[in-house]
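Student: Could we go through this structure together, one topic at a time?
Tutor: Gladly; have a look here before your next question.

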Amino acid sequence: MTSPSIETICAHLGSDHDGADLGPFQAPIVQSTLFHLGTSAQAEELFAGRRKGYAYSRFGNPTVDVLAQAYAELEDGAEALVTSSGNAAVHCALSIALRHRGGPIVAPQDLYGGSVELLRVFASIYGATVENVDARDDDAWLAAVGRAGVVLLESPSNPLLRLTDIAATVAAARAAGAVVIVDNTVATPYNQRPLALGADLVVHSTSKYLNGHSDMIGGCVVARESLAPEARALHKNLGATVNAMEAWLILRGLRTFALRMEAHNRNGRAIAEWLAAHPRVRHVYYPGLGAGSHELFRRQMRAGSGLLSFEIDGGKAAAQRFLDRLELVLHAVSLGGMESLATLPSATSHRGMGAAERARAGIDEGLVRFSVGVEAVEDIKADLHQALAD
Ligand SMILES: *Cc1c(COP(=O)(O)O)cnc(C)c1O
């Protein structure tokens with residue numbers, strides 16, 4: 001059989017494909033801290049790495065391994081590490097990359113607020129050099145990548161949905177011997193495959209589209225090539241692992257991932273176009289919408305996903321009034337769930353970034369971030385229509 005499409009992978013995720021062991025179709029939930037080690041000789045085999053097996057669930061767990069395998073398949077990677085959150089995934093990936101090469105860490109200015117704050121931890125506590133670059137300026141970006149030891153980027157970025165040319169970044173990074181980490185949370189592997197474009201590591205907040213049910217915090221790191229044992233040990237030693245029950249719940253969410261993304265892509269595009277035509281909306285940020293980003297969008301993404309941002313006439317006060325008037329759409333942070341969500345990044349997800357850095361990154365104080373859900377698109381439009389009315 002040729003390699004299956006993402007819809008097929010999702011439909012069969014976590015199951016016993018060939019039934020060879022006559023076991024259950026679904027992955028068993030192995031909710032156990034510890035495992036029998038057997039005889040001293042068997043324990044020696046296991047800990048020396050000569051026998052595959054389990055000892056302690058922070059080192060490895062059968063249910064979590066099924067989830068790791070699923071993430072690797074979805075991103076077309078050699079292997080994946082499951083982490084307890086998206087921030088833990090970024091922490092783990094940066095640590096693996098720094099171990100390999102050292103800094104400086106180069107990143108665009110427009111990044112998820114939690115990643116901006118984490119980079120500050122790397123700078124202030126670990127003493128890493130961090131350079132935040134305006135990635136809209138291609139020449140400045142590629143020049144900075146050429147000086148980097150580690151590159152961390154989001155494309156599309158959160159919250160401004162800016163696209164960065166992953167293949168061009170990889171080419172510049174290769175010349176410098178730098179490791180490229182792409183946060184693929186917003187695009188998801190349904191719409192974009194950074195590893196196929198040459199990125200070394202992909203990270204996700206699986207709290208968003210991959211789990212998709214707004215009932216879980218999780219993350220993962222997926223590697224293009226097999227990780228060195230020392231890199232795997234870093235994941236174990238940082239300790240941000242998950243329990244079997246959580247891993248199983250995410251596997252359950254993943255079964256519908258392709259179906260959900262089809263709906264998010266369709267509704268995202270429709271709402272972006274509708275907002276762009278609204279007289280009170282000043283600017284809409286959505287991948288592939290508006291002049292400038294078409295060529296890169298087509299080359300790099302299958303569709304635009306379900307996240308967009310926009311500015312309303314009247315700035316922050318008008319944006320707050322809009323949020324307070326929403327009836328169907330929830331005023332809440334996060335993204336990627338089945339329900340539509342709206343928030344003001346300057347007051348929530350990107351608050352810790354600080355006003356000066358937000359201004360430098362181009363994040364307006366009145367910018368509304370909107371995660372388009374899978375509701376009937378006419379219902380979303382009706383709520384936006386009433387909330388935007390004079
Ligand atoms: C939410 C998010 C994160 C952090 O993920 P958590 O699961 O909240 O720790 C990282 N990157 C992006 C792009 C995100 O949207």
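Tutor: Let us begin with Pro 159, which lies in the loop between S4 and H7, where helices (H or I, at least four residues) and strands (E, at least two) are DSSP runs numbered from the N terminus. This is a predicted model, in which local features need pLDDT of at least 70, side-chain atom pairs count only at pLDDT 80 or more, and totals for chains, interfaces and linings use all residues. Residues are numbered from 1 along each chain as its sequence is written, and side-chain values use heavy atoms, with hydrogens and water left out.

Student: Which residue is joined to Pro 159 by a cis peptide bond?
Tutor: That residue is Asn 158, and omega of the bond is about 15°. A cis peptide bond also joins Ser 155 and Pro 156, with omega of about -5°, and Pro 156 lies in the loop between strand S4 (150–154) and helix H7 (166–176).

Student: And what is phi for Leu 161?
Tutor: Leu 161 is not a glycine, yet its phi is positive, at about 55°, and its place is in the loop between S4 and H7. Most residues other than glycine have a negative phi, and most peptide bonds are trans.

Student: Switching to helices, at what angle do H4 and H5 cross?
Tutor: The axes of H4 (residues 86–101) and H5 (residues 113–124) cross at roughly 40° and come within 10 Å, the axes being lines fitted to C-alpha atoms, for helices over the stretch in contact, with angles from 0 to 180 degrees between N-to-C directions. H4 and H5 are therefore oblique to each other, since angles under 35 degrees count as roughly parallel, over 145 as roughly antiparallel, 65 to 115 as roughly perpendicular and the rest as oblique.

Student: Which residues of H4 and H5 meet?
Tutor: Asn 87, Val 90, His 91, Leu 94, Ser 95 and Leu 98 in H4 meet Gly 114, Ser 115, Leu 118, Leu 119 and Phe 122 in H5, contact meaning heavy atoms within 4.5 Å.

Student: Now the ligand: which residues come nearest?
Tutor: Of the 13 residues around the ligand, the nearest are Asn 87, Asp 183, Ser 205, Ser 207 and Lys 208, where a residue counts as near if one of its heavy atoms lies within 4 Å.

Student: How far is Ser 207 from an oxygen atom of the ligand?
Tutor: A polar side-chain atom of Ser 207 lies 2.7 Å from a ligand oxygen atom, whereas for Asn 87 a backbone N or O atom lies 2.8 Å from an oxygen atom of the ligand.

Technical notes: Polar contact = N/O pair within 3.5 Å; in protein donor to acceptor, adjacent residues only side chain to side chain.
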